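Subject: Structure handover

Hi,

Here is the structure for your work. My notes follow below it.

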Amino acid sequence: MPSNGLTANVSARPAVVKVGAIFALDSTIGRVAKIALEEAVKDVNSNSSVLRGTKLVVKIRNSKCSGFLGLGEVTEFTDKTLILPEDEFMETDIIAVIGPQSSVVANAILDVANELKTPFLSFAATDPTISSLQYPYFIRTTQSESHAS
């Protein structure tokens with residue numbers, strides 16, 4: 001079979017891409033975000049033209065809207081010392097994290113995100129002191145409180 005750039009590129013794709021998510025699952029927004037994310041993953045994985053042979057897996061953790069607990073959950077995504085061999089959930093190959101959904105949790109975990117160079121995409125952290133200049137791996141998809149009228 002002749003080799004071309006497309007064939008080589010497709011064969012180099014990972015079998016699985018893992019993304020983390022950290023929500024306050026005891027809140028309405030967290031529960032809805034979890035359902036929406038799970039349904040989006042089903043849609044992506046059911047359409048072979050989206051990731052072309054790569055399966056998307058999302059590992060969802062509960063911050064309980066606590067900076068301390070959120071930091072612990074993020075550490076489980078990334079810290080090899082916390083990995084149990086039989087626990088598939090605590091793997092270190094998470095390429096990005098969706099969340100946190102609150103500024104309290106964001107303030108607690110963004111230094112870790114910077115150190116690990118792991119992108120965090122937050123749809124609800126609005127604290128204006130959280131800046132992409134200070135935290136280049138933090139992406140806010142909502143306006144900060146400084147833009148509120």
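Strands β3 (residues 94-98) and β4 (residues 120-122) pair in the parallel sense over two bridges. Two strands count as paired if DSSP finds at least two bridges between them. Strands (E, at least two residues) and helices (H or I, at least four) are DSSP runs, numbered from the N terminus.

This is a predicted model: local features need pLDDT of at least 70, side-chain atom pairs count only at pLDDT 80 or more, and totals for chains, interfaces and linings use all residues. Residues are numbered from 1 along each chain as its sequence is written, and side-chain values use heavy atoms, with hydrogens and water left out.

The sheet: five strands form an open sheet, ordered β2-β1-β3-β4-β5, with parallel pairing. Its edge strands are β2 and β5 (138-140), each pairing on one side only. Twist averages 25 degrees from one strand to the next. Helix α2 (residues 28-46) packs on the sheet and touches β1, β2 and β3 (contact: heavy atoms within 4.5 Å). The direction of α2 makes about 170 degrees with that of β2. Axes are lines fitted to C-alpha atoms, for helices over the stretch in contact; angles run from 0 to 180 degrees between N-to-C directions.

On β2: eight bridges join β1 (residues 16-23) to β2, running parallel. Val19 has Val58 as its bridge partner in β2.

Best regards
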